[in-house]
Amino acid sequence: MILRLKDIHISFTNAQNETFELLRGVNLDVETGKITALVGGNGTGKTTLFNIISGFEKNYTGIMLFEGKDICNASAHRISLMGIGRLFQNGQLMGGLTLMENMKLASNDSTGEKPFSSLIFPRKWKQSEAQKESQTRKILNRFFGKDNKYLDMLDEDAATFSYGEQRILSLCCLLMGGNRLLLLDEPTSGVNPLFIETTEQIIREMKEKEGLTVLLIEHNMHFVRKVADVCAYLDEGVIAKVGPTDEVLDDKNVRNSYLGL
Ligand SMILES: Nc1ncnc2c1ncn2[C@@H]1O[C@H](COP(=O)(O)OP(=O)(O)OP(=O)(O)O)[C@@H](O)[C@H]1O
Ligand SMILES: [Mg+2]
């Protein structure tokens, strides 16, 4: 198990100044090397849970262990350096930077952490830059084919890519290295059917070729059935059911309360 969530509670205050408890004791063990889907209705707290895990949301109670280490008091920056990468819901590439710069920036190695290393160790720094450039080309080759258009667009401002393209290229960024657990918030949203197949291939390879553990939020149940080994259903603030994907999605309560079947 790579990540353990124990008894996570969080409350918010709404516009009427009423306090409501959104997460009411979430317990979840995320199994190492597997793809786990977190499903549940709109507004049930899935993205909030990702914010808690990645250190953006601090007003919660409970226990979080990543690879056995307590990450409750760690900053978002520290958690990312520990190896937890994230695709944000509606998250895109960084405009104003080129596609290549986005890919290089996503590489979660320690060279970028020390700005002066480029001055003190110029050769090492250059080598690492060259490595990241060749890795970028390899990743794009692998998923979009040899001579694909993105290879010719590496120096274009990332903002020029369409929303769907930016989503899928953001997923590619997460393969630049340094991560062990990936949190993907709705990877297929805004992505066309052909690119959904590529998204599926990328996520599979994250697991099978890169040995990464993936926790993903999705509303596309067809996609969940295809990629996820394990499914966790969030309902009324708790993980109401967890297990093999088909078993959870075919469960009578899950079908009634979430899928409307
Ligand atoms: N900082 C906050 N202050 C007040 N309410 C909040 C805050 N953050 C989240 N919420 C509320 O918590 C609820 C859950 O939000 P969240 O984004 O986690 O849902 P979700 O399960 O990801 O939904 P969706 O499937 O639509 O993306 C929302 O109704 C939102 O209004
Ligand atoms: Mg969400």
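**Close-up 1. Helix α6 and its buried residues.** In α6, the buried residues are E165, Q166, R167, I168, L169, S170, L171, C172 and C173. Buried means that 20 or more other C-beta atoms, placed from the backbone, lie within 10 Å of the residue's own. Helices (H or I, at least four residues) and strands (E, at least two) are DSSP runs, numbered from the N terminus.

The model is predicted: local features need pLDDT of at least 70, side-chain atom pairs count only at pLDDT 80 or more, and totals for chains, interfaces and linings use all residues. Residues are numbered from 1 along each chain as its sequence is written, while chains are lettered from A and ligands numbered from 1 in the order in which they are written.

Close-up 2. Five of the five residues of β7 (residues 181–185) are buried. L181, L183 and D185 point one way; L182 and L184 point the other. In a regular strand the side chains alternate between the two faces of the sheet. Strand β6 (residues 84–87) runs parallel to β7, joined by four bridges. Strands pair if DSSP finds at least two bridges between them. R86 has L183 in β7 as its bridge partner. Strand β8 (residues 213–217) is also parallel to β7, with five bridges. Here D185 stands opposite I217.

**Close-up 3. The shell around ligand 1.** Ligand 1 is surrounded by F12, L22, G40, N42, G43, T44, G45, K46, T47, T48 and Q89. Each has its C-beta atom, placed from the backbone, within 6 Å of the ligand. Helix α1 (residues 46–53) gives the most, with three residues. By class, the shell holds two nonpolar, eight polar and one charged residues.

**Close-up 4. The open antiparallel sheet.** Four strands run in the order β2-β1-β4-β5, with antiparallel pairing. β2 (19–30) and β5 (69–70) are the edges; each has a single partner strand, so one side of each is left without a neighbour in the sheet. Nine bridges join β1 (residues 3–13) to β2. I8 has V26 in β2 as its bridge partner.

Notes:
A residue is buried if 20 or more other C-beta atoms lie within 10 Å of its own, exposed if 12 or fewer, and partly exposed in between; C-beta atoms are placed from the backbone. Ala, Val, Leu, Ile, Met, Phe, Trp, Tyr, Cys and Pro count as nonpolar, Asp, Glu, Lys and Arg as charged, and the others, Gly among them, as polar.
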